[in-house]
Amino acid sequence: MRILVISPFDVKKLFSNPSKYNIVHVSPKNALRLFIKEPSDIVLAFAEYEGSDFNKAREALADIKNSAPEGVRIFRLGFSKEEKKDGETYLELPLSLLDDNLDKIFS
Amino acid sequence: MEKTILIVEDLLEEREKAKNIILNSGHNLLVAQDLDSGIRLMKAFSDVLFGVITDIHYQSTSTHRIDTEKPNGLALVALCVEKGIRVAVCSDIDGHFSKYLDIPLRVLQSHQNYSFGKIPVSKGFKDWGSMLKELLNL
């Protein structure tokens with residue numbers, strides 16, 4: 001299972017090493033370009049931080065939601081569920097290991 | 001060979017129809033819901049973009065203060081023509097109300113930057129399949 005993680009910083013520590021998932025990390029700027037060429041089963045987008053990439057991350061998330069084929073599961077990562085928007089699947093950070101949470105979601 | 005196609009459509013149901021048709025044809029797909037997103041994606045993917053299929057009536061953005069009744073898609077068609085990008089119009093506007101489109105589209109498709117000779121138009125109902133086929137044949 002291929003998981004695309006959109007984040008401006010390294011996300012390896014959020015996953016087991018080695019992870020049972022095929023984790024692909026991409027910056028917000030390049031996320032849509034990579035996604036349309038090589039679609040993923042799951043998209044995790046960290047779009048809740050301060051900085052110049054903030055809008056790019058939100059844009060990338062919205063663009064991928066619009067362009068994603070049926071069946072792609074898209075989650076937004078963030079620090080507070082109060083930020084969750086209607087119709088959005090939200091994973092709250094901090095998480096020990098994202099793999100564990102994904103296992104629960106898929107079970 | 002797979003092509004990258006941008007569609008601009010505000011209605012979810014129509015976007016889903018267009019997505020299914022284009023993805024099932026084996027092409028890469030970009031989707032925008034309004035004029036600003038359409039222009040942004042068109043510019044960002046200009047190096048790989050094969051063509052655009054656009055609806056006519058959809059939102060611009062809050063900053064433009066233009067409502068959904070306005071033919072913002074015509075602005076996108078004009079930009080495609082100016083930049084020499086293949087474009088097709090997929091609209092459900094009926095024959096009587098679509099009359100106003102005929103002249104601008106005729107003028108635009110003869111623009112010196114537009115080398116494809118034709119801007120395919122679907123009226124009456126949104127025929128994404130036909131418009132994709134026509135776009136690919138330009």
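This is a predicted model: local features need pLDDT of at least 70, side-chain atom pairs count only at pLDDT 80 or more; totals for chains, interfaces and linings use all residues.

**Chain A, then chain B**

Colleague: In which loop is the place of A:Ser27?

Modeller: Elements here are DSSP runs numbered from the N terminus: helices (H or I, at least four residues) and strands (E, at least two). A:Ser27 falls in the loop of chain A between β2 and α1.

Colleague: What kind of model is this?

Modeller: Residues are numbered from 1 along each chain as its sequence is written, chains are lettered from A and ligands numbered from 1 in the order written, and side-chain values use heavy atoms, without hydrogens and water.

Colleague: What are the ipTM and pTM of the complex?

Modeller: Chain B has a mean pLDDT of 89, with 92% of its residues at 70 or more. For the complex, the predictor gives an ipTM of 0.79 and a pTM of 0.85.

Colleague: Is A:Ser27 buried, partly exposed or exposed?

Modeller: Buried means under 20% relative accessible area, exposed over 50%, and partly exposed in between (1.4 Å probe, protein chains only). A:Ser27 has 26% relative accessibility. That value falls between the two limits, so A:Ser27 counts as partly exposed.

Colleague: Which residues does A:Ser27 touch, not counting residues up to four places away in sequence?

Modeller: Contact means heavy atoms within 4.5 Å. A:Leu4 is 23 residues away in sequence and 10 Å away in space, C-alpha to C-alpha. With residues up to four places away left out, A:Ser27 touches A:Ile6 and A:Ser7.

Colleague: What pattern does chain A follow along the sequence?

Modeller: Chain A has 3 helices and 5 strands. Of its 107 residues, 46% count as buried. Read along the sequence, the pattern is β-β-α-β-α-β-β-α.

Colleague: Which strands of chain A stand at the edges of the sheet?

Modeller: Two strands pair if DSSP finds at least two bridges between them. The 5 strands of chain A form an open, parallel sheet in the order β2-β1-β3-β4-β5. Each edge strand has a single partner, so one of its sides has no neighbour in the sheet; these strands are β2 (22-26) and β5 (89-92).

Colleague: Which strands of chain A does helix α1 (residues 28-37) touch?

Modeller: Axes are lines fitted to C-alpha atoms, for helices over the stretch in contact, and angles run from 0 to 180 degrees between N-to-C directions. In chain A, β3 (residues 42-46) and β4 (residues 73-78) pair in the parallel sense over 5 bridges. Helix α1 packs on this sheet, its direction making about 150° with that of β1(A), and touches β1 (2-6), β2 and β3.

Colleague: Why is β3(A) largely enclosed by the rest of the structure?

Modeller: Both faces of β3(A) are covered: A:Ile42, A:Leu44 and A:Phe46 are buried on one side, A:Val43 and A:Ala45 on the other. β3(A) is largely enclosed because the count of its buried residues is 5 of the 5.

Colleague: What is the bridge partner of A:Val5 in β3(A)?

Modeller: β1(A) and β3(A) run parallel, joined over 4 bridges. On the β4(A) side, A:Val43 stands opposite A:Ile74. The partner of A:Val5 in β3(A) is A:Leu44.

Colleague: Which residue in β4(B) stands opposite B:Ile53?

Modeller: The sheet of chain B is also written β2-β1-β3-β4-β5, open and parallel. In it, 4 bridges join β3 (residues 49-54) to β4 (residues 86-90). Opposite B:Ile53 stands B:Ala88.

Colleague: At what angle to β3(B) does helix α3 (residues 72-83) of chain B run?

Modeller: Helix α3 lies across β1, β3 and β4 of chain B. Its angle to β3(B) is about 155°.

Colleague: Which backbone nitrogen does the side chain of B:His27 reach?

Modeller: B:His27 sits in the loop between α1 (12-24) and β2 (28-32) of chain B. Its relative accessible area is 10%, so B:His27 is buried. Its contacts include B:Met1, B:Ile22 and B:Leu136. At 3.0 Å, its side chain reaches the backbone nitrogen of B:Lys3.

Colleague: Is B:Arg106 buried or exposed?

Modeller: B:Arg106 is found in helix α4 (residues 99-109) of chain B. Its relative accessibility is 54%, so B:Arg106 counts as exposed.

Conventions:
A polar contact is a pair of N or O atoms within 3.5 Å; within protein, one must be able to donate a hydrogen and the other to accept it, and residues adjacent in sequence count only if both atoms are side-chain atoms. pLDDT is the predictor's confidence in each residue, from 0 to 100.
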